[in-house]
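Student: Could you go through this protein with me? I would like to ask things as they come up and jump around a bit.

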Amino acid sequence: MNVGDKILIVMAAGSGSRMGSSTPKQFLDLGGKPILRRTIETFVSAVPEIRVITVLPREHISFWREYCLSSDFLCPQLLVAGGFTRFHSVRNALEKVPDGAVVAIHDGVRPLLSQELVRNMFSKMSTGKCRALIPVLPSVDTLKLLDKAKGDLGEDILKSSGEEIDRSRVYCAQTPQMFRSEDIKAAYSQAFDTSFTDDASVAARKGIPLSYCLGERYNFKLTSPEDLALARMIISSSRR
Ligand code: C5P
């Protein structure tokens, strides 16, 4: 690979148990195509020269290969087996990433991002002014900090901690999160910590400065059956 390569690591090695389906959610149908295919297609349409690394549950690698061949989805992909947590899955993929590239790490179950977001983020990274770029959205809801407690009858109750959160300072992080390959490989050489909730938190612990851009409302993570129903409505109304 050349200096300046653009690489997508698409994370799809989760089991998706919250979706309540025996098929991992990344393979479920969204308007006639698997969610994961839609996600990859958006990146490839936005940046045709992008190299794709797809991280899958080990037991679904041959399933995905066969699906791609039988459905004429012939975008070249390097297929990598995931790990115990998302952190370990990312780390497995980074072993395949050369120096000198810009790496976008994206959740396979966020299929509704726009091509513009992908292009704009890569173009900001190519200016050399940011080391890492994270899409965020301001919180629209008022946030409550509550503690779980036990009631008189042993039931679970929620209690205010008394702390207030200033909503104007709260943002929700999305993916793709973009990094220089040397930086993110160095960050993922750290030991796993359960406080790492996204790639940005791993990079920040390593001291890599983070820059932010505006994410997109439709770029939500498909987690529950309700999310999938919403995504299907969006797809059918926009005829994507
Ligand atoms: O579980 P969660 O919804 O946070 O997963 C976010 C993304 O990370 C999903 O696309 C999922 O497939 C991926 N993942 C992974 N390896 C894991 C766990 C999650 O690639 N071990």
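Student: Is Gln174 buried or exposed?

Tutor: This is a predicted model, and in it Gln174 has a relative accessible area of 6%, which is under the 20% limit for buried, so Gln174 counts as buried.

Student: Where does Gln174 sit, and what does it touch?

Tutor: Gln174 is placed in the loop between S10 and S11. If we do not count residues up to four places away in sequence, Gln174 touches Arg110, Ile134, Pro135, Leu137, Gly215, Glu216 and Asn219.

Student: What about the peptide bond from Thr175 to Pro176?

Tutor: That bond, from Thr175 to Pro176, is cis, with omega near 10 degrees. Pro176 lies in the loop between strand S10 (171-173) and strand S11 (177-180), and the place of Gln174 is in the loop between S10 and S11 as well.

Student: Switching to the ligand, which residues come nearest?

Tutor: There are 15 residues around the ligand, and of these Met11, Ala13, Gly14, Ser89 and Lys221 come nearest. The shell divides into 5 nonpolar, 5 polar and 5 charged residues.

Student: Which backbone atoms lie by the oxygen atoms of the ligand?

Tutor: A backbone N or O atom of Met11 lies 2.7 Å from an oxygen atom of the ligand, and a polar backbone atom of Gly14 is 2.9 Å from a ligand oxygen atom. For Gly108, a backbone N or O atom lies 3.4 Å from an oxygen atom of the ligand.

Student: And how much of the ligand does the protein bury?

Tutor: Taken alone, the ligand exposes 460 Å², and the protein buries 84% of that.

Student: Ser89 was in that list, so which residues of helix H3 are buried?

Tutor: Helix H3 covers residues 86-94, and Phe87, Ser89, Val90, Ala93 and Leu94 are buried in it. These residues cover an arc of only 160 degrees around the axis, which puts them on the same side of H3.

Student: What happens just after H2?

Tutor: Just after H2, Asp72 takes a positive phi of about 60 degrees, and Asp72 is a residue other than glycine. Asp72 lies in the loop between helix H2 (61-70) and S5, and at 60% relative accessibility Asp72 counts as exposed.

Student: Then what about Pro57, buried or exposed?

Tutor: Pro57 is buried, with a relative accessible area of 8%, and its place is in the loop between S4 and H2. Not counting residues up to four places away in sequence, Pro57 touches Ala12, Ala13, Gly14, Gln26 and Phe27, and Ala13 and Gly14 are among the residues that come nearest to the ligand.

Student: New topic, where is Ser160, and why does it count as exposed?

Tutor: Ser160 is in strand S9 (residues 156-164), and because its relative accessible area is 56%, which is over the 50% limit, Ser160 counts as exposed. Leaving aside its neighbours within four places in sequence, Ser160 is in contact with Leu145 and Leu146. A polar atom of the Ser160 side chain also lies 2.9 Å from the backbone nitrogen of Gly162.

Student: Last one, what can you tell me about Arg232?

Tutor: Arg232 lies in helix H7 (residues 225-238), and at 37% relative accessibility Arg232 counts as partly exposed. Apart from its neighbours within four places in sequence, Arg232 is in contact with Asp29 and Leu30. Arg232 and Ala132 are 100 residues apart in sequence and 32 Å apart in space, C-alpha to C-alpha.

Notes. Residues are numbered from 1 along each chain as its sequence is written. This is a predicted model: local features need pLDDT of at least 70, side-chain atom pairs count only at pLDDT 80 or more; totals for chains, interfaces and linings use all residues. Side-chain values use heavy atoms; hydrogens and water are left out. A residue is near a molecule or strand if one of its heavy atoms lies within 4 Å of it. A polar contact is a pair of N or O atoms within 3.5 Å; within protein, one must be able to donate a hydrogen and the other to accept it, and residues adjacent in sequence count only if both atoms are side-chain atoms. Accessible areas come from the Shrake-Rupley method with a 1.4 Å probe; for residues, only the protein chains shown count as cover. Ala, Val, Leu, Ile, Met, Phe, Trp, Tyr, Cys and Pro count as nonpolar, Asp, Glu, Lys and Arg as charged, and the others, Gly among them, as polar. Helices (H or I, at least four residues) and strands (E, at least two) are DSSP runs, numbered from the N terminus. Buried means under 20% relative accessible area, exposed over 50%, partly exposed in between (1.4 Å probe, protein chains only). Contact means heavy atoms within 4.5 Å. The arc is that of the directions from the helix axis to the C-beta atoms.
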